[in-house]
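I am opening my notebook on a new structure. I want to look up its overall build, then a few side chains.

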Amino acid sequence: ASDRLLVGGAFTNIGTVAAAGNAPATSPARAALARLAADGTVDQTFLPALGSASVRDLSIAPATGRIFA
């Protein structure tokens with residue numbers, strides 16, 4: 001089992017990312033779909049190309065892991 005969670009909705013940013021030095025934390029740009037790690041942090045390697053769409057439903061094909069949003 002994967003310790004990750006897919007979240008979808010009508011958002012453009014989610015979570016915060018710590019910046020180097022004294023710079024403020026930032027919200028990673030994610031349009032409508034993001035993947036979170038078990039600790040709640042945003043998976044920076046997951047970069048779906050949805051444009052400006054919002055996600056109402058998610059489905060994952062068990063055999064391939066392909067995500068349908």
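My entries below go from the whole chain down to single residues.

**Ground rules.** I am working with a predicted model, in which local features need pLDDT of at least 70 and side-chain atom pairs count only at pLDDT 80 or more, while totals for chains, interfaces and linings use all residues. I number residues from 1 along each chain as its sequence is written, and side-chain values use heavy atoms, with hydrogens and water left out.

**Entry 1: the fold.** I looked up the helices and strands. They are DSSP runs, numbered from the N terminus: helices are H or I with at least four residues, strands are E with at least two. The protein chain has four strands and zero helices. Along the sequence I read the pattern β-β-β-β.

**Entry 2: surface and contacts.** How much of the protein chain counts as buried? I found 20% of its 69 residues. Buried means under 20% relative accessible area, exposed means over 50%, and partly exposed lies in between (1.4 Å probe, protein chains only). The chain exposes about 4,900 Å², and carbon and sulfur atoms supply 54% of that area. Areas come from the Shrake-Rupley method with a 1.4 Å probe; for residues, only the protein chains shown count as cover. Next I checked contacts, meaning heavy atoms within 4.5 Å. Among those between residues at least 6 apart in sequence, 32% join residues at least 24 apart.

**Entry 3: Arg35.** I found Arg35 in strand E2, residues 33–37. Is Arg35 buried or exposed? Arg35 counts as buried because its relative accessible area is 16%. I set aside residues up to four places away in sequence and listed what Arg35 touches. The list includes Arg4, Leu5 and Leu6, and also Thr41, Val42 and Asp43.

**Entry 4: the salt bridge.** I looked for salt bridges, where a side-chain nitrogen of Lys or Arg lies within 4 Å of a carboxyl oxygen of Asp or Glu. The structure holds one. Which side chains meet in it? They are those of Arg35 and Asp43, at 2.7 Å, N to O. Asp43 has 13% relative accessibility, so Asp43 counts as buried.

**Entry 5: Arg66.** I then turned to Arg66, in the loop between strand E3 (59–60) and strand E4 (67–68). Arg66 is at 54% relative accessibility, so Arg66 counts as exposed. Leaving aside neighbours within four places in sequence, I found Arg66 in contact with Ser59, Ile60 and Ala61.
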